[in-house]
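Hello,

Here is the structure we talked about. Please open it first, then read the notes below it.

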Amino acid sequence: MKRFKRLAHSRSAAAGLLMTAVLPLFHSGAAAAQEPAPADTLPAERPFVPGGQFDKPYLANLLGLVAIGGYVEAHARYVRADGVTEELGFEAKRFNLFASSQVSDFVRFGAELEIEEGGEEVRLEFATVDLTIHPTLSFRAGMILSPLGRFNLSHDSPLNEFTDRPLASTELVGVALSEPGIGVFGRVPLGSGAGRLTYELYAVNGFHSGVIESSPDGTRIPEGRGGSVDANRSPAFVGRAAASPALGWEVGLSAHYGAWNEFEADGLDLDARRNLTIGVLDFEGEPFGFRVRGELALAELDLPPRLDGLYQSSQRGFFAEVLREFGRGWVSTMPASAFLVRARLEAVDFDTNRPGDSVRQLTLGLNFRPTAETAVKLDYVRGRSFDRFENRGDHAALLLSVATYF
C-alpha cells in the first residue's frame with residue numbers, strides 16, 4: 001500500500017480520489033493463489049473466472065489507471081512416435097502481453113496480444129470493452145474469449161499445471177478460441193455464502209468452411225476459427241452457465257452453435273444452411289486435499305450428403321486431471337515455494353461413427369513453483385493413436401518447461 005500512496009500523493013486530489021475508487025476493483029492473482037479466501041467472501045468480490053482475463057497477478061501493479069504485464073513460456077521437448085524421434089529441441093513457445101484499464105466506475109477494458117513460436121505467429125487473443133450496469137448484467141464487445149469450456153477462459157501457461165494443453169481443448173474446441181462479437185454476462189448469488197451462478201452469452205462470427213477444407217485428415221474444427229469477418233453473414237452464438245456452490249467447486253455447461261458454410265450470397269441460395277454444434281461440460285473440485293478438474297466436449301457437424309463418409313460429422317473428447325500440492329516451504333530460501341504432483345488422462349475421437357481416427361494418452365508430472373506466479377514443469381507422456389484405417393501408432397514424450405507471469 002505504500003507504493004500506492006506514493007502514486008496517489010504525486011497526482012492531484014481528484015486523481016487520488018479516482019485511484020481510491022478503482023484500486024479495490026483489482027485483485028492480485030498471486031495473492032489469491034497463496035492465501036485462501038475468507039469463508040464469508042461475497043460472490044461479487046470473487047474473480048468472474050479464476051485465472052481469467054481480469055484475474056492476473058500483474059493487476060496488482062498499477063501504472064496510473066492502466067495495468068500492464070504478461071507471461072513467457074519456454075519448452076525443452078523430446079518426442080518419439082513408433083520408435084522414431086519426431087522432436088528434440090527447444091521452443092520459445094509463447095510471449096504474451098496484457099493490458100487492462102478501469103476507464104470509469106462502469107467501463108473496463110482488457111486486451112492480450114499473443115506471440116507464439118518465437119514470433120512466427122502473432123494474434124490478438126482478446127480485446128474487450130465491458131459496460132457494467134449491475135453485477136447481474138454487463139455488456140461486452142470486441143474480440144471475445146469464447147466461453148466454450150472453462151479451460152478456454154483460463155488457460156495461461158503459468159496457471160496451467162501441464163506443459164501441453166489438453167487434447168480435447170486444442171483439437172476440438174480450438175483453445176485459445178477468440179471471436180469478434182457482442183453480448184452479456186453476469187453473476188447471481190447462490191445461497192447465503194460464497195456460492196454463485198454465472199453466465200455469459202455472445203453473438204459471434206463463428207466458424208468458416210476451413211473446418212473441412214483446411215486439413216488433409218478430414219474434419220478439424222479448429223481450422224475453421226479465426227475469421228475476422230462473418231464468412232456467411234449469419235452470427236453464431238456461444239454461451240456458458242456455471243454453478244459454484246462453494247469456493248473451489250464449480251460445474252459449467254457451455255455450447256457454440258452456428259452455420260459453418262456460405263449458404264447465401266446476394267440474395268441467392270447457394271446451399272442448404274449447415275450448422276456446427278459444440279457442447280462442453282466442465283467441472284472442478286477439491287476433495288480430500290486434491291484438485292480435480294476436467295472437461296467433456298461433443299461436436300456435431302452438418303455435412304452435405306455427398307461428403308458423408310469422407311469427412312467426420314461427429315467428434316468427442318475429454319480430459320480429467322488430478323493434482324496434489326506438497327512440500328510448501330521445503331526450500332528455505334523460497335518460503336512461498338511448493339511442489340505439485342499430477343496426472344491427466346485424455347482422449348479424442350475424431351469420428352464417433354466408425355472405429356479408428358482417435359488419440360488417447362496419459363501424462364504424469366511433477367511441478368515446482370518458487371512462487372505462485374512461476375512454474376517449472378516436468379512431464380512424461382505416453383499415448384496411442386489410430387488412423388482412419390485403424391492402423392495403430394504409439395508415442396511418448398519427455399517435456400520440461402518454464403512459465404512465469406511478469
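Arg382 is found in strand E18, residues 374-386. Helices (H or I, at least four residues) and strands (E, at least two) are DSSP runs, numbered from the N terminus. This is a predicted model, in which local features need pLDDT of at least 70 and side-chain atom pairs count only at pLDDT 80 or more, while totals for chains, interfaces and linings use all residues. Residues are numbered from 1 along each chain as its sequence is written, and side-chain values use heavy atoms, with hydrogens and water left out.

Back to Arg382. Its relative accessibility is 48%, so Arg382 counts as partly exposed. The scale is this: buried means under 20% relative accessible area, exposed means over 50%, and partly exposed is in between (1.4 Å probe, protein chains only). Leaving out residues up to four places away in sequence, Arg382 touches Gln361, Leu362, His395 and Ala396. Contact here means heavy atoms within 4.5 Å. Asp394 is 12 residues from Arg382 along the chain, and their C-alpha atoms are separated by 7.9 Å.

Now the charged pairs. Side chains of opposite charge can pair when their charged atoms come close. A salt bridge is counted when a side-chain nitrogen of Lys or Arg is within 4 Å of a carboxyl oxygen of Asp or Glu. The whole structure has 32 salt bridges.

Which residue meets Arg77 in a salt bridge? The partner is Glu91, at 3.7 Å, N to O. Arg77 lies in strand E2 (residues 66-81) and Glu91 in strand E3 (residues 84-102), so this pair ties together parts that are 14 residues apart in sequence. Arg77 is buried, at 12% relative accessibility. Glu91 is buried too, with a relative accessible area of 18%.

Glu91 also meets the side chain of Lys93 in a salt bridge, at 3.6 Å, N to O. Lys93 has a relative accessible area of 15%, so it is buried.

Next is Arg233, which forms a salt bridge with Glu262; the closest N and O atoms are 3.3 Å apart. Arg233 lies in the loop between helix H6 (210-213) and strand E9 (236-246). Glu262 lies in the loop between strand E10 (249-259) and strand E11 (264-265), so the pair ties together parts that are 29 residues apart in sequence. Glu262 is partly exposed, at 42% relative accessible area.

Last, a network. Salt bridges that share partners join Glu73, Arg94, Glu114, Glu116, Arg123 and Glu125.

Best wishes
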